[in-house]
Each structure stands twice: as structure tokens, then as C-alpha cells.
Amino acid sequence: MTLRHRFVTGIVLLAVAALGSPSAVAAPISEQVAAGRPVAAAALIPQPVSQVVVKNQTFTLTSGSRVVLADTAAEPVRVAGMVAEQLRRATGFAVPLVTSGAGAADVELSTAGAASLGAEGYQLSAGNGGLKITAHTAEGLYRGWTTLRQLLPATIEAATAQPGPWTVAGTTISDAPRYGYRGAMLDVSRHFFSVAEVKRYLDLATMYKLNRLHLHLADDQGWRVQVDSWPRLTTYGGSTEVGGTPGGYYTKADLAEIVAYAADRFITVVPEIDTPGHTNAALASYAELNCDGVAPPLYTGTDVGFSSLCTTKDITYTFLDDVFGEVAAQAPGPLIHLGGDEAHSTPHEEYLAFVPKAAALVTKHGKAVMGWQEIAETPLPAGSIAQYWGTDDTRSQDLARMAAAQGATVVMSPANRAYLDMKYNSSTPYCLSWAGYVDVRKSYSWDPATLVPNLPASAVAGVEAPLWTETLDDISKAEFMAYPRVPGIAELGWSPASALGWTAYKNRLAAQGSRWDILNVNFYRAPEINWR
Ligand code: TNX
């Protein structure tokens, strides 16, 4: 610890003593300042585990500011480079990256934090003596940096130099996530999205500390990932999309670019190949995958549940072995999502036999299995994740409990809350309403740990916000559905239950609008939010 930080820490000693470990929760800012002059607390999403105002202190970036990092390992240096680059772009200052000598105008990054911070935890202090982010890993530094972006004026998001001043109110933050899985899903099958559009989706998701991008890569309307051993999947099966417009697919180089861009932001890609239903694009591409040996035409409508792989043919498993093998090689993360939802055209007994065979092919290629909640009815390999997409119905709740009973964990994507393709209300233009309207408040107001009665809290791996794209043919429409709801799901995944609450949240959310304006995000200006 430098002298400077001893000074800053001394000032906030009382506050820090109240914090203790990163899992401790301080009194809400409003209570801490109620007795004195109100201090504007930075409106952060997700709400940190603890955030304490350091009264009468500020930190200000100046033309002499530097990013200071003593660690010379590649990953922390890369993160520090990203920090310096964004600070340079928006401030116009030189912001050199140096290894020592942190002063009052500098942003110091340190990986000397305790292992107890975990991979994603960090501490941040800002005051007259300087600004410091401490973590145990490069990932923790990066999460702390996303907090610093929100502490700085919204113009820090700008692509060109802005006037400032670049002041941060004195604060001490101690933070770590509630859940390890905090995802966004993008359906690139119903409508195809370019590499640049997916990067844009990642840029926004990372602002709220999401750490998984689930790509729904294959469905009835299009196959979007290159598989060399079955080339017609993409050249034919990927040629269209909903509405009959040209589709597209990711070459291996394209997917590698997405995976690397995500990894640079500490986001792991979870590739999904939906099976045994939602497979018309594959069935149209290869006649031999059909029980009757006849390939159906390509499909550009929006029905679900009409297609099935032929689960009784050996070639189906050769196909999946090849596909999972090539997809596993393209996605370095630990999971492959095998779908498993809405297999209405697969005889149920066949479905029950199919899923364990498909799951074994996933594990054969070194990956753990993720699948929609229906897979919980079958025996699952160790380490599997079932994705809940229920609407408070008892069948879905049973499936979540069945997953937990066999040792699997559950990612919560309740369709009537977390589905980004549910209309906000009857007058918003795009998307569906089969799970009801989901306004911003409804999307936010639930607890992943208690949503499914009698599901052990330890069985919940996290949350995910899926965006199905039957009606979304460009990324700005996707953004309209995702924002402002993504930050709420992200907060449910990150912040402790005690920090959740609509009244405070909606005020914090209001502050994000100016950032999205600068980033040209086509967000829905939900009337229940008092946008600034
Ligand atoms: C159900 S939810 C689906 C998707 C649709 C979505 C539309 C789930 C696992 N499957 O195939 O796109 O509804 O909201």
C-alpha cells in the first residue's frame, strides 16, 4: 500500500471497518448521509456489495493522469491498456501506462488483492489521494474498470475527446458477484447478426458485468456455424432467415473473432446447437438426417415444434459427434448448449433416450452440458446446467427441481421476466407476448434464489436474458428490446439480494440513459423511468 492510499484509507477507516469482507453489506448510501449534507452517490448498476461515500473528497483525471500498474503479466497489462485507451479517447489526455509512482491524479491498478476477492471481485477507492482498483486477477481489474466507467461522467463513453471535468466523488467500493453465470443470449438463427453487430451487443453487455454470451447458433430458420465435415449446413442451411431474406453464417475465422472479442472482455461464449427439435435447417441440408430420407424445404416462418432429428438413426449421432466436435474446437469455454426445448415432434420416449446420448457426445469432446429445462427429465452428466424458461408454471418448476435433485445447476431465464423478446406493453412495436408483457419493473422484480419454490439456493448457477429474434431484423431493434432491461437482469445476477429494490434501482437506471445516448443505443425510453 502506498502512502497515498494509507492516507485515503485512513480517512475512510470507519467506513471500511464497517465493510469487512467483500461479502459484507454496508448501510445504504442514503442512510449513511442522512444525518449530514446529502452527497451524490454514484448511480451504479449492478449495485456493488458495498459503496461508501467519502465525504468532501474527490478524484479528478487531469492532463497529467497516468494508468499505473506494477504487474507486468500479459493479462493485467492488456486490461490496463484497455483502461488507458478509453480514458485517452474520451478525455484527449495522453494517459501513459507506467509501472510505478501512483499520484493523486493517477488511476492505479493492482493485482495484489487477496485471493478471497475471487476471480471477479475488486475494491475501488477514489479520493483526494488518487484512484485505485485492487483485484486478485486481471478479470477482477476489468470488473472494477466497468465500475469506474460509471463513476466518471457519461461522456467517458464518447468516441472523441470531451471537455470534462473528469471528477469522481470520493468513494470506497468493495464488490464481488452473487452468481458465477450472468448471461445474455442472442438468437442469430431466426435473424442473422454480423460479427460487428455481435461485438456491439458484447460492448453493451460488458458495461453491466455480464460474463456469458450464449449464441443460439442453429434453429429451424438457419444454421449459423461452419462445420467442415457437413458443409451444406451453412452453405444451404444458413442461406435464409425469417421472412426469406438472405441469412448468413459465421466462418471459423468469424466465430474466432467473436470468441476473442468476448474473451478480451471476460465474457465466455456458450454455443448452442438446438436438438432434437428446432432442426429444420439441418434436416433441409441433409436428407439422410430425416427418418423418411426426404429433405424438407428451408423454413422462413416463425412456428416452433415441427421439426426433429431422426433419433433412431445411427447417422444422427455421427452427425452430432462431428458437429459438437467442431463446435467444441471453436469455443474454448467449458459448456456446449444442446438445446432440448420444445421437441414436440419427437416421440417422448425417443426424446428421453436421445438427450443422454447427445449429452455423452458433448462430454466426449471435453465440454459440460447445458440445455433448456426439458433436459432435466433425463439423466444428465455431472456438471450439467438446465436453463429454466418457465412462467411460474408448476411443470417448469418441477423440471428445475428435477435438475437440482440430480446434481445439476439451474440458470434462471423466466420467460415472463427475463425474456427480452416479450413486448414491454401493448404499444411497443416488436416481438411477442406469449409469456405476457414484461415492463422494466417486472423484468427486474424477482430473486433468482427464490423464484422456484423449494429449489435449493445452492442449485442456482445464475441468470440469463435471452433475446429471440423472430421479429428483429437489425441490431437497433434488438437494442430496443434489450435496453433498458439487460441491466436489471445483470444486477439480479451480480448484486446481493439485500441490495435489490425497484425504487432505488429505477433511479440508478435513469442515469444510464445519457450513456446510451452517447453510444447511440436505440433504447426504449420506458415511461416508468425518469430519464435524465
Ligand atoms: C420459445 S423458450 C422458444 C424459442 C422461441 C421463443 C420465443 C425456448 C427454449 N424456445 O424457440 O424463439 O419461445 O419467445
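This is a predicted model: local features need pLDDT of at least 70, side-chain atom pairs count only at pLDDT 80 or more; totals for chains, interfaces and linings use all residues.
Reader: OK, what's the strand order in the open sheet?
Author: Its seven strands run 1-7-5-6-4-2-3, with mixed pairing. Strands here are DSSP runs of E, at least two residues, and helices are runs of H or I, at least four, numbered from the N terminus; two strands pair if DSSP finds at least two bridges between them.

Reader: Which strands stand at the edges?
Author: Strand 1 (50-61) and strand 3 (97-98): each has a single partner strand, so one side of each has no neighbour in the sheet.

Reader: And how do strands 2 and 4 pair, parallel or antiparallel?
Author: Parallel, over three bridges, with strand 2 at residues 67-69 and strand 4 at 107-110. Val 67 has Val 107 as its bridge partner in strand 4.

Reader: Switching to helix 12, which residues are buried?
Author: Ser 396, Gln 397, Leu 399, Ala 400, Ala 403 and Ala 404. Buried means under 20% relative accessible area, exposed over 50%, partly exposed in between (1.4 Å probe, protein chains only).

Reader: What do those buried residues pack against?
Author: Strand 14 (385-388) and strand 15 (409-412), where contact means heavy atoms within 4.5 Å.

Reader: What's on the face turned away from the buried side?
Author: The exposed residues Thr 394 and Ala 405.

Definitions and conventions. Residues are numbered from 1 along each chain as its sequence is written. Side-chain values use heavy atoms; hydrogens and water are left out.
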